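Work through these exercises with the sequence and the model open. Try each task before reading its solution.

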Amino acid sequence: MKSIIIGGGKIGFNLLKTLKDRGYNVTLIEIDEETCKAIAEDIDSDIICGDGTSLDVLKDAGINDADIIAAVTGKDEENLVICQIAKKGFNIGKSIARINNPKNIPMFKALGVDQTVCSTEVIADLIEYEFDRDICKIVQTFDRGAMILVEVAVKDGNRWINQYVKDLSLPSECVIVSILRDEKALFVRGDTQIRNGDNIHIITNRATVPEIKKQLHSGGAQNAKQKK
Amino acid sequence: MNIIIIGCGRLGSTLALELADAGYNIAVIDSEAKKLEALGSGFNGLAIRGIEYDNNILKQAGISRASFVILVTPDDNLNITAALIAKNIFKVPRVIAKINNPSKKDVFKVLDIETINPTELISYMIKSKIEGEPK
């Protein structure tokens, strides 16, 4: 698979390195000559020194048979222009734009950029994840949090221990999809019993996560207890 | 008629002042406050400092009622981005962008943006003056 990276800053450089290590055919375009030289000394790859928003430079980089374009320069407008050229001018299946200002995300989406990566947002997510990691960690986010996959590590003191899944009073917008126990996946049914040390995977949305956390600490098992 | 001019350099400010004097409703956007000062106190229109293609700034400039958006910043990519947003998101009837680097002409064409190419125009005018003289 052939890919083109535009922008040889820290992100572009590390992306090139990673993709090269994985055996992809990658070409990098960077406008600054010094930066190009520095990268060329480090990595043995196709590097083109030129303006990545110019049609000729993109053609030189082989855009005609590229499968993926990643525009990761420090300027949002440059990244947008590159993705638009790739889409309208060359019919590239997949274009990814780095967005520096999260405010620009909806506009980029409206203009048809397939995928956007916003470092500000990613870092904010990571920080949030670190805060939450003892209770729930977000494994995967779909469509900016409309649906997320959460992993709950059950440990001492959680109210879910020894409860049957059918007895948990879960919020309506969540589904338990599986439990990882002793490195094996269990496909959860109502009569599955939760044990200490389980990793429970739950599909839910951003808004419901706090509710799930609350359940883990207090509410969730109360119904079951009353039954006993 | 409402017109938004993005970029307040020599061309942008001249255009803004002349159109405003001619009775059009003009809003000028530039990210540099200093450039907006070129309009002077006599400017009878709206001068907005902010990121040129920012949603809120464009709305503040009244893009939903604009008949024309003119892109005259010195940065081609900025002109293209703002033009695409004006055209495709806000559906402005006419969007015209200035081409700074003539080699970028084909990019504007691929993205279907109406343009003015000053370098080409000036070069044509100079050539016609030269060619008017006997050899």
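## Exercise 1: helix α1 of chain A

**Task.** Which residues of α1(A) are buried, and which exposed residues does the opposite face carry?

**Solution.** 

Step 1. Start with the buried side. G12(A), F13(A), L15(A) and L16(A) are the buried residues in α1(A). The model is a predicted one.

Step 2. Look down the helix axis. The buried residues of α1(A) fall within an arc of 165 degrees, so they line one face of the helix. An α-helix has 3.6 residues a turn, so residues three or four places apart point the same way.

Step 3. Turn to the other face. Exposed residues K10(A), N14(A), T18(A) and D21(A) sit on the face turned away from the buried side of α1(A).

Step 4. Find the cover. The elements over the buried residues of α1(A) include β1 (2-6), β2 (25-30), α2 (33-42) and β4 (68-71) of chain A.

Step 5. Check the length. α1(A) runs over residues 10-21, which is 12 residues. At 1.5 Å a residue it should span 16 Å, and its end C-alpha atoms are 17 Å apart, which agrees.

Step 6. Look just past the helix. There G23(A) has a positive phi of about 85 degrees.

## Exercise 2: the overall form of chain A

**Task.** How does the radius of gyration of chain A compare with the globule rule, and into which domains is the chain divided?

**Solution.** 

Step 1. Chain A has 8 helices and 11 strands.

Step 2. Apply the rule. For 228 residues the globule rule gives 17 Å. The radius of gyration of chain A is 23 Å, well over that value, so the chain is more spread out than a compact globule.

Step 3. Read the box. Along the principal axes, the C-alpha atoms of chain A fill roughly 75 × 35 × 30 Å.

Step 4. Domain 1 covers 2-119 and domain 2 covers 128-227. Their centres, taken over C-alpha atoms, are 39 Å apart.

Step 5. In chain A, 33% of the 228 residues count as buried. Of its contacts between residues at least 6 apart in sequence, 54% join residues at least 24 apart.

## Exercise 3: where the chains meet

**Task.** Which helix gives the most to the side of chain A that touches chain B?

**Solution.** 

Step 1. Size the contact. 16 residues of chain A are in contact with 17 residues of chain B.

Step 2. Assign the elements. On the chain A side, α4 (76-90) and α5 (105-110) each supply at least two residues. α4(A) gives the most, with 8 residues.

Step 3. Sort by type. The chain A side holds 7 nonpolar, 4 polar and 5 charged residues.

Step 4. Cross to chain B. Helix α4 of chain B covers residues 76-89. From first C-alpha to last it reaches 19 Å, close to the 20 Å expected for its 14 residues at 1.5 Å a residue.

Step 5. Judge its burial. 12 of the 14 residues of α4(B) are buried, so the helix is largely enclosed by the rest of the structure. Among them are L78(B), I80(B), L84(B) and I85(B).

Step 6. Name the cover. Both chains contribute: it includes α4 and α5 of chain A, and β1 (2-6), β4 (68-71), β5 (94-98) and α5 (105-110) of chain B.

## Exercise 4: a loop residue of chain B

**Task.** Is T73(B) buried or exposed?

**Solution.** 

Step 1. T73(B) lies in the loop between β4 and α4 of chain B.

Step 2. Count neighbours. T73(B) has 26 C-beta neighbours inside 10 Å; the cut-off is 20 or more, so T73(B) is buried.

Step 3. List contacts. Beyond neighbours within four places in sequence, T73(B) touches I6(B), G7(B), E52(B), L78(B) and N79(B).

Terms used
Residues numbered from 1 in each chain as written. Chains lettered and ligands numbered in written order. Predicted model: local features only at pLDDT ≥ 70, side-chain atom pairs only at ≥ 80, totals over all residues. Contact = placed C-beta atoms within 7 Å. Helix = DSSP H or I, 4+ residues; strand = E, 2+ residues; numbered from the N terminus. Nonpolar A, V, L, I, M, F, W, Y, C, P; charged D, E, K, R; others polar. Expected span 1.5 Å × (residues − 1). Arc of directions from axis to C-beta. Rg over C-alpha atoms; globule rule 2.2 N^0.38 Å. Domains from an automatic or database assignment.
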